[in-house]
2 protein chains.
Amino acid sequence: MLSLNFANVMDEVIGDKGLTEREIEDLRPRITDALKQIRDRKWEELAFLDLPEQDTEKIKDLAVKIKNDSENFLLLGIGGSALGPRAIVEALSPLHNLRKKPRIFIYDNVDPRTLSAILSVIDLKKTTVNVITKSGSTAETAASFMILWEEMEKLLGKDKAKRFIATTDPEKGNLREIVRRFQLDSLEIAPGVVGRYSVLSPVGLLTAEVIGVDSKELLKGARDVRERCLEEEVWKNPAMILASALYLLGTKSGRTIDVFIPYADGLKSFSEWFCQLWAESLGKLGLGLTPYPSVGTTDQHSQLQLWMEGPEDKVVIFLRVEDYGADMKIPLVFEDMEGLNYLSGHTLSELIKAEEEATELSLAKASRPNLTVHIPAIDPYHLGQIFMFFEIVTALVGFLFGINPFNQPGVEEGKNFTYGMMGKKGYEEKRKVVEEAREKKLCWTLR
Amino acid sequence: MLSLNFANVMDEVIGDKGLTEREIEDLRPRITDALKQIRDRKWEELAFLDLPEQDTEKIKDLAVKIKNDSENFLLLGIGGSALGPRAIVEALSPLHNLRKKPRIFIYDNVDPRTLSAILSVIDLKKTTVNVITKSGSTAETAASFMILWEEMEKLLGKDKAKRFIATTDPEKGNLREIVRRFQLDSLEIAPGVVGRYSVLSPVGLLTAEVIGVDSKELLKGARDVRERCLEEEVWKNPAMILASALYLLGTKSGRTIDVFIPYADGLKSFSEWFCQLWAESLGKLGLGLTPYPSVGTTDQHSQLQLWMEGPEDKVVIFLRVEDYGADMKIPLVFEDMEGLNYLSGHTLSELIKAEEEATELSLAKASRPNLTVHIPAIDPYHLGQIFMFFEIVTALVGFLFGINPFNQPGVEEGKNFTYGMMGKKGYEEKRKVVEEAREKKLCWTLR
């Protein structure tokens with residue numbers, strides 16, 4: 001089970017800049033109310049909590065088929081449709097595309113260079129394309145889907161439909177309509193499951209199974225952590241403590257940037273998954289906390305200076321791994337060199353863990369608050385735990401802020417301007433606004 | 001040549017929350033003084049400015065040798081020794097390891113899972129290892145170097161030395177001593193070139209040449225932008241305007257987070273390179289600006305909500321690409337579907353550029369300041385430009401803050417604690433501090 005150490009946010013350890021027990025105690029009624037909303041499933045969008053109980057049979061069947069008939073698995077999706085699957089692949093199958101089949105490509109943009117590069121290395125006839133969009137009409141995903149649809153048509157004619165799997169709403173939307181029309185294989189994203197909370201739905205699980213991960217292990221981890229985090233005792237519940245600490249540090253001490261730093265290369269994408277969850281859920285009404293994606297030890301040589309001595313606006317969340325599942329000893333090869341030989345005899349995992357602990361401590365000694373989530377290993381079970389854990393923490397913080405952690409109203413206007421420029425019917429006015437802005441910009445350009 | 005559009009930080013466009021011409025004018029004496037420090041090379045560490053004039057012959061010779069005798073190029077380095085080379089590979093050679101030889105591996109951590117995975121896919125006998133550490137004793141780099149040194153010894157005996165290239169200080173440090181002792185091939189990092197400003201030194205250029213990029217093009221771009229940005233006329237100099245705007249928005253309006261969002265997958269690593277440069281250079285004395293790495297259009301579905309409606313603490317820096325060097329038309333495949341067919345007939349590059357412009361505009365309409373750096377293409381020449389451009393901007397902002405943008409005193413304490421734990425002589429006291437802290441932490445752990 002994951003554990004949480006929060007010594008380095010407490011005043012007893014880091015002095016005046018830390019939290020007092022009393023402050024956490026004072027927040028108890030509100031965090032307890034927030035937890036009740038979750039326990040009682042007060043919002044439809046809390047459906048993510050019940051994903052551990054889903055039936056995975058169809059996902060498993062499709063994965064078997066893909067593994068049998070495909071050398072490549074190309075996922076088209078963006079945001080929550082891509083970040084979760086990528087986090088799973090990078091955490092559980094390092095250097096996947098150089099070591100295993102089917103190779104996994106996740107195209108989550110409309111960058112033509114990337115798509116050209118992908119198409120130059122895959123044989124489409126041996127590729128399964130998984131199109132993921134809950135609404136069924138996400139512009140970026142639709143664009144690449146239509147291109148792939150035509151490319152497959154050229155190669156396979158009517159048989160093209162067999163190379164596609166759609167993951168979308170069970171009933172609504174253009175993609176579901178296409179499923180019906182062309183009899184595509186498909187998986188369902190339940191209406192209450194929002195994109196950024198969807199990694200444990202078929203969105204993430206199909207990719208997991210395709211790379212050989214037992215999705216039941218992911219779900220078991222998620223279920224166990226859910227049980228642990230829905231207990232109503234604040235001082236024993238790591239989700240309630242983490243949510244309370246980050247909320248208090250954000251609102252009372254202006255520490256509004258939450259740096260997330262797992263000490264494992266394989267969890268760099270997990271950082272990015274977390275950052276979407278945190279940013280899009282909490283950034284509303286002028287409120288919110290800014291997540292910062294990071295990875296240790298690497299970013300000690302990139303960001304640590306800023307965390308140690310820059311503005312006091314950050315809380316650092318460490319993710320510590322106990323067992324890396326692989327290790328290597330640093331040999332005694334340069335005996336007479338004091339600048340190097342102290343490392344000899346230690347293993348890489350001793351070094352990475354020592355650095356993690358040293359960084360926690362140096363921040364604490366500088367009165368810079370930080371917390372540490374520990375996981376025993378990077379495996380499907382514990383990955384499932386941290387997915388569910390941070391989803392619950394995010395919802396709790398949203399409820400503490402009094403905002404809706406499940407919508408994203410702020411991205412609509414940008415979509416409307418894009419529609420205007422792309423000539424979508426009904427958006428002619430938006431196009432005019434863009435053109436006016438262009439003229440204005442001319443005076444403020446340095447060439 | 002790159003260009004800068006700064007309409008969306010001006011009050012004329014975004015209203016009261018923007019900057020006035022007067023504010024920029026008032027800063028003129030200080031930014032002019034900052035520029036003079038750069039022009040006059042007042043700091044030894046401004047040596048990066050003169051990298052465009054370096055002799056690249058030895059780099060080119062080594063690269064030819066590597067291309068002839070190696071299937072893999074394994075770079076060991078961390079921070080500035082890794083981020084620049086990675087930015088070059090990802091920008092200029094998409095999906096490199098699936099398409100080209102030698103394959104490039106950049107190991108910039110001490111994560112044993114990653115190193116195991118790399119060693120499982122490369123044949124060491126056909127691998128050149130490039131060890132990059134300016135000091136010659138960076139712990140992470142030293143650890144992996146010693147492991148590789150022994151592995152090569154097992155395979156090749158005394159010939160192992162031929163598989164290594166060291167990139168380090170010309171005179172000092174353990175790695176230079178090893179070069180002398182074992183007659184390794186080596187390249188030099190000039191004493192005045194700080195890690196995070198070293199991408200255009202042999203640190204970045206060797207990798208560039210190995211992937212087939214003409215390093216002279218990178219340097220030519222850098223030189224041209226340097227000439228442009230050392231002109232003393234603030235209203236015509238994009239580096240002075242960008243530095244002034246970010247400094248003013250940071251200090252006067254509390255917009256201390258600078259989001260960096262290139263609209264190109266290949267520049268995601270460039271984002272991370274920029275973030276190290278910005279964070280480590282400017283985060284000092286309680287001052288500084290926090291960079292945020294991002295990529296468009298992807299992060300419109302991840303971060304944009306927060307930028308639009310979260311706290312007013314951000315400035316967004318767009319990097320817009322005019323020509324992607326590849327393109328694809330979105331076909332008319334679902335004629336009757338209004339949610340999709342508006343895209344048909346457009347190209348992917350039209351869509352990505354429309355989205356970039358739409359996002360700029362929607363932020364501006366919400367009075368959220370943003371600027372746009374335009375580059376004509378992602379090629380060596382323009383990559384060289386943006387490296388040098390942001391290095392100059394960083395130094396300018398550092399001088400405006402009155403801090404030293406070239407040191408990183410805040411990371412020493414963490415290193416000392418690590419030395420203590422690893423048993424390095426002279427750090428016994430630090431070890432005790434770690435052990436005391438461990439005891440204290442026990443009371444604040446939730447398992």
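This report describes a predicted model with chains A and B, going from the relation of the chains to the sheets and then to one residue.

**Relation of the chains**

Chain B is superposed on chain A by a rotation of 180 degrees, with 0.0 Å of shift along the axis and an RMSD of 0.0 Å. This is the relation of a two-fold axis. The same surface serves both copies, since 100% of the contact residues of chain B recur in chain A. Within chain B, the residue that comes closest to the rotation axis is Tyr292(B), whose C-alpha is at 3.5 Å.

The contact between the chains involves 126 residues of chain B and 126 residues of chain A. On the side of chain B that touches chain A, helix 15 (residues 348–365) of chain B gives the most, with 12 residues. Sorted by class, this side of chain B has 64 nonpolar, 38 polar and 24 charged residues.

Strand pairing also crosses between the chains. Strand 1 (residues 3–5) of chain A pairs with strand 11 (residues 445–446) of chain B in the antiparallel sense, over 2 bridges. In this pairing, Leu4(A) has Leu446(B) as its bridge partner in strand 11 of chain B.

In chain A, 5 strands form an open sheet in the order 3-2-4-5-6, and the pairing is parallel. Strand 3 (103–107) and strand 6 (185–188) of chain A are at the edges; each has a single partner strand, so one side of each is left without a neighbour in the sheet. On average, and with direction ignored, neighbouring strands of this sheet are turned by 20 degrees against each other.

Strand 3 of chain A is joined to strand 2 (residues 72–76) of chain A by 5 bridges. Leu74(A) has Phe105(A) in strand 3 of chain A as its bridge partner. Towards the other edge, which is strand 6 of chain A, a helix is placed against the sheet: helix 8 (residues 174–182) of chain A lies across strand 4 (127–132), strand 5 (164–168) and strand 6 of chain A. The angle between helix 8 and strand 5 of chain A is about 140 degrees.

Strand 9 of chain A is mostly covered, with 8 of its 10 residues buried.

**Tyr324(A)**

Tyr324(A) lies in the loop between strand 9 (314–323) and helix 14 (338–341) of chain A. Tyr324(A) counts as buried because it has 22 C-beta neighbours inside 10 Å, where 20 or more are required. Neighbours within four places in sequence left aside, Tyr324(A) is in contact with Ser349(A), Asp111(B), Pro112(B) and Arg113(B).

From Tyr324(A) to His301(A) the separation is 23 residues in sequence and 22 Å in space, C-alpha to C-alpha.

Notes: Residues numbered from 1 in each chain as written. Chains lettered and ligands numbered in written order. Predicted model: local features only at pLDDT ≥ 70, side-chain atom pairs only at ≥ 80, totals over all residues. Helix = DSSP H or I, 4+ residues; strand = E, 2+ residues; numbered from the N terminus. Buried ≥ 20, exposed ≤ 12 C-beta atoms within 10 Å, placed from the backbone. Contact = placed C-beta atoms within 7 Å. Least-squares fit on C-alpha atoms with pLDDT ≥ 70 in both. Nonpolar A, V, L, I, M, F, W, Y, C, P; charged D, E, K, R; others polar. Pairing = 2+ DSSP bridges. Axes fitted to C-alpha atoms, helices over the stretch in contact; angles between N-to-C directions.
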